[in-house]
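The sequence and structure are shown first.

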Amino acid sequence: MNLIRIENLSKHFVINKRQSGIGGVIKSMFKPERLLKKAVDSIDMQIAAGEIVGFIGPNGAGKSTTIKMLTGILVPTAGTVEVGGIVPYKQRKAYTKNIGVVFGQRTQLWWNLPVDESFDLLRTIYRIPRPAYQKNIELFTEVLGIDEFLHMPVRQLSLGQRMRCEIAASLLHNPKVVFLDEPTIGLDVVAKERIREFIAKINRETGVTVILTTHDMSDIEKLCKRIVIIDLGKIIYDGNIDEIKDRFGKDRMLVVDFDEPATIQDCDLHTTMKTEGLRRLILFNRDKISAIDLITKLSAQYKINDFALQETEIDNIIRHIYENKTESAAVLRAI
């Protein structure tokens, strides 16, 4: 069952074109030249209840504008957006009871209040029944490990501690959908992993739908089966993350530990990317040569102690798509 329905959704902004020089500034004051910017340009998307969807794109692609329309902050220029049968910008009061939002480093907690008092205020605002509230607090305390700083003022928390509390706050009222914008930004590896595990667990146990926007591709790879890529206001891909890997992730890295020094000549089949003593990191294209054929070729020339195969990282794939937009868009449409 689809929880989110977007059809032909657009958001346009009229901006003044800045003129250079003093003469241009004066001219702009009396006769400004206006430009139409299509931040979001006729996009369609359906998201089922319980999905975790990665919504990604380069800066200025239209991600934030789309999320702001989905949360009811912005009114669309054209098209339809519904979440759980509610039009976000028309029914704001009823709608906010059903969603949770975390916007990067913008806090929804009270800066000078202890965390538990902020939570209690949110309980009152959302009219959360005491048993449901207590159950959630116990769950969040256990999984996120926030009990050690529940009684500390928000201003005294580290970034990692505060982000854990922000995510807990967004889920206190059992929303149907939660929008997470850069939830792991600026965090260390341990804090990131803890938040990822919590998001996966809460999705699995409660069925909450998660829309995740991030520049950290590890978040996408570890949490999402589906990604939506937007660029220049248009969706250029909406589908399974494994299909992206399969199509663009043809390069593989073979890590080989030789028993003796090896002089490997680069060719169109493989390239040595790094040498570490007797270890070689060899990049190859799976369409040109298979891993087993490459290993067989190398073992015929040298004695191999050990080897391992590394998959292409998703962030390298996405970077390739962004840097080769015209070519990549045509390929993505064909997937």
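## Surroundings of Thr 209

Not counting residues up to four places away in sequence, Thr 209 touches Leu 3, Ile 47, Ala 48, Ala 49, Gly 50, Glu 51, Lys 176, Val 177 and Val 178. The coordinates come from a predicted model. Thr 209 belongs to strand β7, which spans residues 209-213. With a relative accessible area of 0%, Thr 209 is buried, because the cut-off for that class is under 20%.

## The chain overall

The chain contains 12 helices and 13 strands. Its length is 335 residues, and 46% of them count as buried. Among contacts with a separation of 6 or more, 70% are between residues 24 or more positions apart.

## The six-stranded sheet

Strand β7 is part of an open sheet of 6 strands, ordered β5-β6-β7-β3-β8-β9, with mixed pairing. At the edges lie β5 (99-103) and β9 (234-240), each of which pairs on one side only. From one strand to the next, the twist averages 15°.

In general, the strands of a sheet pair through backbone hydrogen bonds, either parallel or antiparallel.

| Strand pair | Sense | Bridges |
|---|---|---|
| β5 and β6 | parallel | 5 bridges |
| β6 and β7 | parallel | 5 bridges |
| β8 and β9 | antiparallel | 6 bridges |

Individual bridge partners can be named for each of these pairs. Phe 103 has Asp 181 in β6 as its bridge partner. Phe 179 stands opposite Ile 211 in β7. From β6 the chain passes through helix α7 (residues 189-206) to β7, and this β-α-β crossover is right-handed. Strand β8 covers residues 226-231, and its residue Arg 226 is the bridge partner of Asn 240 in β9.

Strand β6 is mostly covered, with 4 of its 5 residues buried.

## Helices on the sheet

Helix α2 (residues 63-70) packs on the sheet and touches β3 (52-56), β5, β6 (177-181), β7 and β8. The direction of α2 makes about 135° with that of β3.

Helix α6 (residues 159-171) lies across β5 and β6 and runs at about 160° to β5. Which residues does Glu 166 contact, leaving aside its neighbours within four places in sequence? They are Val 102, Arg 106, Thr 107, Gln 108 and Leu 109. Glu 166 has a relative accessibility of 1% and therefore counts as buried.

## The α4 and α5 pair

Two packed helices are described by the angle between their axes and the distance between the axes. For helix α4 (residues 115-126) and helix α5 (residues 130-144), the angle is about 145° and the axes are 11 Å apart. The crossing of α4 past α5 is right-handed. On the α4 side the contact involves Asp 116, Phe 119, Asp 120 and Arg 123, which meet Arg 130, Tyr 133 and Ile 137 in α5. By class, this contact has 3 nonpolar, no polar and 4 charged residues.

## Two further residues

Leu 113 sits in the loop between β5 and α4. Is Leu 113 buried or partly exposed? Its relative accessible area is 25%, so Leu 113 is partly exposed; the buried class requires under 20%, and the exposed class over 50%. Beyond its neighbours within four places in sequence, Leu 113 is in contact with Ser 118, Leu 121, Met 152, Pro 153 and Val 154. One of these, Met 152, is 39 residues from Leu 113 in sequence, while the two lie 7.8 Å apart in space, C-alpha to C-alpha.

Ile 241 is placed in helix α9 (residues 241-248). Its relative accessibility is 5%, so Ile 241 counts as buried. Between the C-alpha atoms of Ile 241 and Val 228 the separation is 9.1 Å, and the two residues are 13 residues apart along the chain.

Definitions and conventions:
Residues numbered from 1 in each chain as written. Predicted model: local features only at pLDDT ≥ 70, side-chain atom pairs only at ≥ 80, totals over all residues. Heavy atoms only, no water. Helix = DSSP H or I, 4+ residues; strand = E, 2+ residues; numbered from the N terminus. Buried < 20%, exposed > 50% of the residue type's maximum accessible area, 1.4 Å probe, protein only. Contact = heavy atoms within 4.5 Å. Pairing = 2+ DSSP bridges. Axes fitted to C-alpha atoms, helices over the stretch in contact; angles between N-to-C directions. Left-handed = near helix turned anticlockwise from the far one by under 90°. Nonpolar A, V, L, I, M, F, W, Y, C, P; charged D, E, K, R; others polar. Right-handed = clockwise from strand over helix to strand, strands pointing away.
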